[in-house]
Amino acid sequence: MNRSWDFPFWIGNFTEVLSPESSFIAQIGNSLVITAGTVLLCLILGALSGYALSRLSPSKWLTIPALVLAAFLPLVPPMTLVPGLYLTMGSLGLLGSNLGLIFINTLFNLPFAVLLLRSFFSQIPEELREAALVDGASEARAFFSVALPLVRPGLASVGIYVAIMAWNEFLFGLTMTSGGPSAPLTVGIASLVQPFDVTWGEMAAAGTIAAVPIVVLAIVANRYIVTGMTAGAVKG
């Protein structure tokens with residue numbers, strides 16, 4: 001063992017991970033597609049549902065079961081849902097596809113998106129919506145032209161949170177894909193642990209590459225993260 005503190009600069013592990021023979025680049029692409037698709041679906045469905053819960057006063061027979069399900073789902077260990085989801089994805093022909101992982105990630109992140117966006121829509125004065133309706137705007141026009149632009153910080157907060165969760169998701173990426181080029185990035189990093197060899201250098205290089213997008217996103221959007229975490233904390 002070398003006892004000196006001389007660590008020469010070397011990027012051999014990065015070139016090994018990013019070599020054309022490696023599946024790492026394809027796995028990065030899969031994670032980007034899964035993250036972007038999950039964020040897009042959560043923002044669309046979350047904004048529509050949050051606005052409806054906040055402004056349209058839907059019937060209790062519809063809202064209470066939905067809120068109970070939204071509160072209960074995060075409490076369920078995801079491992080217990082793997083068999084059922086595996087059979088469902090198989091019957092739909094979505095096993096091993098990015099689309100299937102997008103649906104699963106959306107399922108688990110959508111309750112948080114709905115509840116957080118509902119709190120943002122509730123902070124908008126009701127008079128703005130009423131004024132738009134009095135001026136002849138439809139409910140859809142009031143949503144897209146009045147309410148939605150005012151909750152951009154909320155949309156950013158939800159998008160950042162969902163992106164981090166989808167980017168770091170591992171369990172369903174492992175169980176719903178066959179590994180290799182079809183797997184997301186987190187599964188690719190775990191596959192570097194072999195039965196008779198652990199490639200520590202390549203694991204460190206892959207982990208560093210995987211952490212860069214999330215670190216950059218957190219630094220750039222730090223203001224929106226704080227806004228989202230404190231939404232609804234102060235009233236009056």
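**Helices and contacts: questions and answers**

Trainee: In which helix does Ile 44 lie?

Mentor: This is a predicted model, in which local features need pLDDT of at least 70 and side-chain atom pairs count only at pLDDT 80 or more, while totals for chains, interfaces and linings use all residues. Residues are numbered from 1 along each chain as its sequence is written, and side-chain values use heavy atoms, with hydrogens and water left out. Helices (H or I, at least four residues) and strands (E, at least two) are DSSP runs numbered from the N terminus. On that basis, the helix in which Ile 44 lies is H2.

Trainee: Is Ile 44 buried, partly exposed or exposed?

Mentor: Buried means under 20% relative accessible area and exposed means over 50%, with partly exposed in between, using a 1.4 Å probe and protein chains only. Because the relative accessible area of Ile 44 is 43%, this residue counts as partly exposed.

Trainee: What distance separates the C-alpha atoms of Ile 44 and Ala 113?

Mentor: Along the chain, Ile 44 and Ala 113 are 69 residues apart.

Trainee: How is helix H2 oriented relative to helix H7?

Mentor: Axes are lines fitted to C-alpha atoms, for helices over the stretch in contact, and angles run from 0 to 180 degrees between N-to-C directions. H2 (residues 24-55) and H7 (residues 139-150) pack with their axes 12 Å apart and at an angle of about 105°. Angles under 35 degrees count as roughly parallel, over 145 as roughly antiparallel, 65 to 115 as roughly perpendicular and the rest as oblique, and therefore H2 relative to H7 is roughly perpendicular.

Trainee: How many charged residues does the contact of H2 with H7 have?

Mentor: Taking contact as heavy atoms within 4.5 Å, Ala 47, Leu 48 and Tyr 51 in H2 meet Glu 139, Ala 142, Phe 143, Ala 147 and Leu 148 in H7. Ala, Val, Leu, Ile, Met, Phe, Trp, Tyr, Cys and Pro count as nonpolar, Asp, Glu, Lys and Arg as charged, and the others, Gly among them, as polar. The contact of H2 with H7 has seven nonpolar residues and no polar ones, and the number of charged residues is one.

Trainee: How far apart are the axes of H7 and H8?

Mentor: Leu 148, Pro 149 and Leu 150 in H7 meet Arg 152, Pro 153 and Leu 155 in H8, a contact that divides into five nonpolar, no polar and one charged residues. H7 and H8 (residues 152-168) pack at an angle of about 65°, and the distance between their axes is 5 Å.

Trainee: Which residues does Asn 98 touch, not counting residues up to four places away in sequence?

Mentor: Asn 98 has its place in helix H5 (residues 98-122), and its C-alpha atom is 9.6 Å from that of Met 176, which is 78 residues away in sequence. With residues up to four places away left aside, Asn 98 touches Asn 30, Val 33 and Ile 34.

Trainee: Which element of the chain has the lowest mean pLDDT?

Mentor: The predictor's confidence in each residue, pLDDT, runs from 0 to 100, and the chain averages 84, with 92% of the residues scoring at least 70. Where pLDDT is low, the predicted coordinates should not be read in detail. The highest mean among the elements, 92, belongs to H2, and the lowest, 66, to helix H12 (residues 222-229).
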